[in-house]
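Please keep the sequence and the coordinates in view while reading.

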Amino acid sequence: MFRPYSPIKRVWNHTSLHTYSTGAVTTKALVDFKAIEEKWRHRWNNQERVPVDTTKPNYYTLSMFPYPSGMLHMGHVRVYTISDAIHRFRRMKGYNVLHPMGWDAFGLPAENAAIERGIHPAEWTTKNIAAMKEQMSKLFIDFDWSKEIATCDAEYYRWTQYIFLQLYNAGLAYQKEAVVNWDPVDQTVLANEQVDPEGKSWRSGALVERKKLRQWFFKVTDFADDLLNDIERLDHWPERVKQMQRNWIGKSVGAEFEFPITASVPDSVDNKIKVFTSRPDTLYGVQYLVLAPEHPLVKKGILPNEQSEGVLKFVNDLNKKQNMDEAEETKQGVFTGLYAHHPLTKEDIPIYVAPYVLSDYGTGAVMGVPAHDKRDFEFCKVNNVTDTIKYVVEPAIKELGELQDMDAPYTAMGVLTELSGPYKGMKSNEAGKAILKQVQEMGFGHKATQFRLKDWLLSRQRYWGAPIPIIHCPTCQVVPVPKEDLPVRLPLDIELSGKGQSPLARQEDWVNCQCPKCQGPARRETDTMDTFVDSSWYFMRFTDPKNESLPFDPVKASSMLPVDIYIGGVEHAILHLLYSRFISKALLKQNAYYETKETKPGHGEPFNILLTQGMVHGRTFKDPHTQRFLKPEEVDSSDYANPVIIATGERPSISFEKMSKSKYNGVDPVSVVERSGVDPTRLHILYKAPPSEVLEWDDASIVGMQRWLNKVIKLSQTIQGVSDLPASMTKEEKEMYRITNQTIKQVTEAMSSSYSFNTAISDMIKLSNHISSTMNGHISSPVYQHAVQSLIKMMAPIAPSVSEECWEMTGHTTSIHQQSWPTFETKALEKEEVKCIIQVNGKTRLSLTLPNELASNKDEIERLVRETEAGKKWLGDKPIRKMILAKQGELVNFVI
């Protein structure tokens with residue numbers, strides 16, 4: 001049979017050794033992986049992509065798209081290797097697989113680069129994308145580049161703007177004032193990442209202040225119940241991610257009460273303070289109220305003259321705080337001079353201001369119950385609110401004569417004390433309902449539900465983002481940009497300095513425009529959108545990326561959504577996923593796409609399976625005395641197990657830590673694949689740890705994967721053709737066939753449900769070992785050939801180039817990646833014989849080899865055991881009190 005040119009055959013014929021350096025370790029491989037890779041890279045590049053077969057089911061595999069920093073890291077390689085393996089497996093299983101890639105290309109780093117390097121963000125981003133695409137091409141990740149998108153492309157953000165307008169028209173986008181980080185020297189807004197740990201501006205060094213600006217929000221809270229309840233539909237998400245989502249949404253059920261202010265206030269200000277509590281049973285214990293610093297009552301003209309100056313200074317000083325968390329921890333507050341009337345106790349209670357109360361959470365005010373809340377207790381003590389703390393709930397069970405501990409709050413449920421008036425002796429749950437009923441009748445309270453979830457602040461006072469498509473007209477007020485005028489393009493002739501107002505606000509020729517309604521002079525909105533907006537719908541655009549009239553065609557999107565499996569880091573477990581869920585649900589409500597009864601998870605959930613991969617940690621060296629991180633060139637690692645600090649001859653401290661420049665433990669993926677080969681690197685990444693766990697990167701052990709691929713290549717060279725499986729098999733062939741089927745079953749399960757790639761590779765290694773051990777005299781057997789070819793097919797999704805080479809060596813002329821995934825025969829999984837361990841009273845005494853059909857026959861097993869010498873010794877003529885059969889006949893315990 002004619003065999004095409006093969007780099008492997010050339011290597012084996014000349015018995016040459018190819019040297020691969022894996023960091024500190026140099027190994028020798030019998031295979032020229034680079035030659036194999038170049039051969040198949042050339043072949044694949046000259047092949048047309050297989051067209052979509054509409055008779056096949058769809059499958060959508062997606063890895064989280066990256067920010068184009070210009071350099072791939074090992075975390076990227078891990079997530080893309082996982083998604084590529086799943087994509088190739090699903091394609092062999094007979095699916096039309098969508099496996100796209102794009103770029104989360106807007107964001108602050110490009111703007112910072114423009115300021116620091118004098119390069120336009122668009123140019124910087126384009127160069128980085130080109131560099132990363134080149135790096136990706138070296139990894140054999142089979143992305144469908146015809147679907148490529150970049151969020152900074154006007155043809156993409158045109159539709160981001162369109163979606164904003166859809167939400168605006170639905171009442172889900174609005175403006176209100178919100179606090180920003182303000183640099184008083186550069187007179188500019190700073191992102192959180194531009195404020196250092198000391199609360200200073202990264203550029204000017206000025207202490208950052210808090211300032212209110214009018215900004216845009218998405219009304220995520222309108223979907224709070226759906227976002228919370230539909231978590232129960234996410235059967236294939238990690239439980240910890242679902243819990244993080246639940247905690248972020250934070251639903252509390254309780255009551256809202258109103259406390260009237262005793263002083264007169266302007267008509268424009270509500271004269272009642274509303275507070276929420278999940279413990280209405282403690283209402284009689286309210287001894288003060290606390291307002292957020294931004295509360296409408298905290299203003300000159302409302303506050304009493306004698307307190308006004310001090311309160312406003314306190315609030316102003318808070319705006320200059322470097323660390324608001326620190327300010328909240330101190331529990332420091334200030335008395336406003338105002339009082340509120342308690343409708344039940346008839347007392348006037350003081351009103352304070354403190355930073356721990358947030359204006360954009362709940363009502364912007366809380367009730368202080370020092371006896372039954374730890375934070376309230378500490379605040380009361382720090383601010384000397386009262387000398388007498390009122391304990392209105394006490395333990396349901398306590399010793400006779402036991403006094404209440406006055407040095408700590410009692411926070412559990414219990415029974416109400418005499419300070420709760422008519423509710424004395426009632427249990428907390430029962431009393432809470434009764435008190436709520438009374439205050440509802442009195443007209444100052446009602447049942448309420450509160451969420452920790454806040455509306456999505458999407459305004460950014462930056463340049464490199466999607467412009468918000470709104471026009472501000474003196475006559476017409478807020479006017480949406482008409483659809484036909486989209487996109488509102490970013491001006492390219494921009495000056496970025498990092499100082500002053502938003503860069504767009506300074507572009508007068510861009511800002512000044514005509515009102516679409518009245519045709520009068522108007523101004524564009526100069527805020528750009530949070531980059532989370534771009535990434536909250538990109539997976540939908542991938543279903544129809546060339547559409548010029550809509551973000552995506554409803555039919556095309558509905559045929560592919562939701563994403564079948566979404567792969568990415570757990571660091572995105574809250575906001576990115578939450579916002580994607582919100583946008584997906586909102587667009588479903590807008591009929592942008594549709595679902596059927598069979599759609600899973602349903603209810604507009606965008607991702608069916610979520611696979612969160614762990615971080616990649618690098619080998620890290622430290623000076624054992626100073627704990628200074630050591631550079632690679634400071635350590636002699638020629639003996640991998642025993643590295644030495646060159647300057648001192650000492651052994652460094654060794655650990656595996658998150659890769660970073662400051663720790664000198666980063667690994668360049670391109671260098672790794674050039675040294676060790678693409679397929680060995682891919683196998684190593686998937687074999688080293690389960691996807692969800694931290695991967696401790698270790699170059700040295702890649703040699704194990706190189707050796708295994710050598711073994712599979714050697715097995716492939718023994719195939720002399722392909723024959724049908726025989727009708728009858730020898731004992732050895734039956735065992736070979738059983739192990740092959742067992743491996744196919746286990747690898748299929750790992751690739752389709754558990755995603756335990758490490759165990760899949762381990763199972764394939766075991767199969768190759770068994771095949772190798774039975775080679776002599778069996779290489780012409782069709783069962784042997786079937787085993788080898790099944791092994792190559794199972795290897796294909798993970799080791800694409802070597803599997804192509806092996807497949808061609810076995811005589812095939814079509815690509816391995818166009819083959820069907822091997823199937824297993826259930827009947828073949830059964831063993832011909834079972835090795836049965838025999839125990840007597842729990843102690844192992846002998847073993848028997850039984851025909852499989854006798855493995856569950858207790859009487860026959862007892863007869864055979866009693867016939868053996870060991871059986872006669874340990875059982876004799878004694879009666880069996882109990883016989884326990886386990887592990888399908890592989891373990892039997894006689895109790896005598």
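**From the whole chain to its details**

The secondary structure of the chain amounts to 26 helices and 36 strands, as read from a predicted model. The C-alpha trace spans about 105 × 85 × 70 Å along its principal axes, and 53% of the 896 residues count as buried. When contacts between residues at least 6 apart in sequence are considered, 69% of them join residues at least 24 apart.

We may turn next to the empty space. Rolling a probe the size of a water molecule over the atoms shows where such space is left. The second largest pocket holds about 1400 Å³, and its lining is made up of 46 residues, among which R49, V50, R91, D142 and D144 lie nearest the centre. Two or more lining residues come from each of the helices α2 (33-45), α3 (74-92), α5 (121-137) and α16 (554-560), and likewise from each of the strands β4 (96-98) and β6 (144-150). By class, the lining of this pocket consists of 16 nonpolar, 15 polar and 15 charged residues.

The largest cavity has a volume of about 70 Å³, and the residues around it are F539, S558, L561, P562, S584, Y593, Y594, E595, T599, G604, E605 and P606. In this lining, 6 residues are nonpolar, 4 are polar and 2 are charged. The second largest cavity contains about 40 Å³ of space and is lined by G107, R460, R462, W464, G465, T528, M529 and T531, a set that divides into 2 nonpolar, 4 polar and 2 charged residues.

The lining of the largest cavity includes L561 and P562, and these two residues are joined by a cis peptide bond with omega of about 0°. P562 belongs to the loop between α16 and β26 (563-569), and α16 is also one of the elements that give two or more residues to the lining of the second largest pocket. Another cis peptide bond, with omega of about 5°, joins K600 and P601, where P601 sits in the loop between α17 (575-589) and β27 (607-613). As background to these bonds and to the phi values discussed below, most peptide bonds are trans, and most residues other than glycine have a negative phi.

At its start, a side-chain oxygen of D373 comes to within 3.0 Å of the backbone nitrogen of R375. Which residues of α11 are buried? They are D376, F377, F379 and C380, and because they cover an arc of only 165° around the axis, they lie on the same side of α11. Among the elements that cover these buried residues are the strands β12 (288-291), β14 (348-353) and β15 (365-368). Just after the helix, N384 takes a positive phi of about 50°.

Is Q785 buried or exposed? Its relative accessibility is 4%, so Q785 counts as buried, the cut-off for that class being under 20%.

Conventions:
Residues are numbered from 1 along each chain as its sequence is written. This is a predicted model: local features need pLDDT of at least 70, side-chain atom pairs count only at pLDDT 80 or more; totals for chains, interfaces and linings use all residues. Side-chain values use heavy atoms; hydrogens and water are left out. On a 1 Å grid over the protein atoms alone, a cavity is a set of points where a 1.4 Å probe fits but cannot get out, and a pocket is an open set with protein on both sides within 12 Å along at least five of seven lines; lining residues have an atom within 4 Å of a point. Grid points are joined across faces, edges and corners, and a volume is the space filled by probe spheres set on the points. Helices (H or I, at least four residues) and strands (E, at least two) are DSSP runs, numbered from the N terminus. Ala, Val, Leu, Ile, Met, Phe, Trp, Tyr, Cys and Pro count as nonpolar, Asp, Glu, Lys and Arg as charged, and the others, Gly among them, as polar. Buried means under 20% relative accessible area, exposed over 50%, partly exposed in between (1.4 Å probe, protein chains only). The arc is that of the directions from the helix axis to the C-beta atoms. Contact means heavy atoms within 4.5 Å. A polar contact is a pair of N or O atoms within 3.5 Å; within protein, one must be able to donate a hydrogen and the other to accept it, and residues adjacent in sequence count only if both atoms are side-chain atoms.
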